[in-house]
Amino acid sequence: MYPWEIAGFLNKLNTVYYKFELLNSISSALAEGISPTDIFVFDKSLPLYQRYAEMNVLAGRDAARKFYSIGLPYPLVPTKESYELHLLYRSFSNVNSFLKSRKVRPLTTESVSLVYEKLKESNLEEAELLLIDQALERADKSYRNNSGETLKTPVTEQEIVDVLEKYQRRKEKLFSDIGLIQELNDEERFALLISKKSDSKRLARLLTEFFHYFDHTIRPLVFVRIADDEYRVLGRALVNKKEKTGLEVKEVVRNSPLGTLIESGIAIYQAVQGALLSDAKEKRAGELHQLEVKSKALEVQSKALDVEIKKEQLAAEKLKNAQLQAEVTRNLVQIAQSSDISAIGELPPSFIKNRLLEAYTTEQRGAGDLLHRRGLELDQSSIRVIDTTA
């Protein structure tokens with residue numbers, strides 16, 4: 001493999017591992033009573049090489065400011081309240097685009113915090129009015145230079161209101177569709193997914209937007225509202241690179257065969273469990289065949305004592321390796337059962353659980369292809385399982 005192929009493989013492995021971590025955390029949050037309306041994903045991927053040292057538990061004001069540059073948040077289950085941050089960001093972006101078009105310096109993320117605070121204190125409509133005021137104030141400062149000379153045509157309040165007209169229509173339609181969805185039971189929501197009607201397709205898109213962006217984003221940022229004005233970032237070990245609990249490449253040895261040493265959390269079990277089982281089965285069959293062939297060859301030369309000794313040593317070594325591999329598999333299964341990997345099984349049957357299982361299946365297919373596409377396999381004898389809770 002060329003260096004760029006190795007880098008590509010490790011990047012994909014990290015993506016698979018990260019997404020399993022997120023799905024486990026989402027399932028665990030739901031099992032612990034977090035409402036699905038309080039779980040969000042962004043529509044843009046986190047930059048691969050940027051550090052997010054503060055991405056952990058964030059107060060609402062700080063979260064609003066830090067999240068804005070990432071993208072638009074989509075809730076696991078759509079409600080009017082859960083879409084408010086999404087709409088605040090969309091209106092803010094529209095106003096800033098207008099200001100740029102008029103050669104006015106755009107509003108900063110500090111203004112995002114101020115508008116967010118107004119949203120929490122009052123409602124979305126009051127936050128939109130404050131946004132208009134902030135834009136007018138910024139435009140007025142830009143309109144006059146230090147000497148008081150006129151620089152450009154002044155921006156009017158009506159112009160900003162007009163800019164938000166399309167946004168307002170979209171918001172009204174969104175709230176109308178959310179109202180329709182909230183009246184549906186799980187069976188009716190499943191029916192939307194297979195309906196050919198245009199209205200049903202629109203509602204189905206709204207209902208599954210969270211999973212659409214989760215699937216199509218390489219490094220999705222998922223966060224949970226854990227209090228009225230407090231948020232926690234999930235999978236933060238892979239978001240905050242200062243933490244050493246995520247997947248970490250310890251060594252890549254470019255010899256024959258290529259070797260890569262990786263340390264990670266238990267979620268790696270989900271990424272490689274199919275390979276563990278299939279590789280173990282194939283190796284057992286191969287070992288039995290090889291032992292049988294060698295045994296027959298050795299029988300022909302059974303009179304030679306040194307050959308008999310080598311035969312016993314070989315059999316003992318094979319048995320030892322098989323026992324080690326079986327022990328690794330047992331340890332992985334045991335620790336997996338005591339981690340949040342099993343959280344999905346605690347959830348009652350529902351539309352959301354079904355969507356989560358679909359997401360797991362998608363990642364499992366990707367993980368299964370990942371190792372075998374380039375002929376890579378696990379060296380099971382090198383696997384070490386450490387239970388850090390012990």
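Reader: Taking two strands as paired if DSSP finds at least two bridges between them, in which sense do β4 and β5 pair, and over how many bridges?

Author: Strand β4 (residues 220-227) pairs with strand β5 (residues 230-233) in the antiparallel sense, over four bridges. Phenylalanine 223 stands opposite valine 233 in β5. Strands are DSSP runs of E, at least two residues, and helices runs of H or I, at least four, numbered from the N terminus. This is a predicted model, in which local features need pLDDT of at least 70, side-chain atom pairs count only at pLDDT 80 or more, and totals for chains, interfaces and linings use all residues. Residues are numbered from 1 along each chain as its sequence is written, and side-chain values use heavy atoms, without hydrogens or water.

Reader: What is the strand order in the sheet, and which strands lie at the edges?

Author: The open sheet has five strands in the order β2-β5-β4-β1-β3, with antiparallel pairing. At its edges are β2 (57-59) and β3 (73-75), each pairing on one side only.

Key:
Two strands pair if DSSP finds at least two bridges between them.
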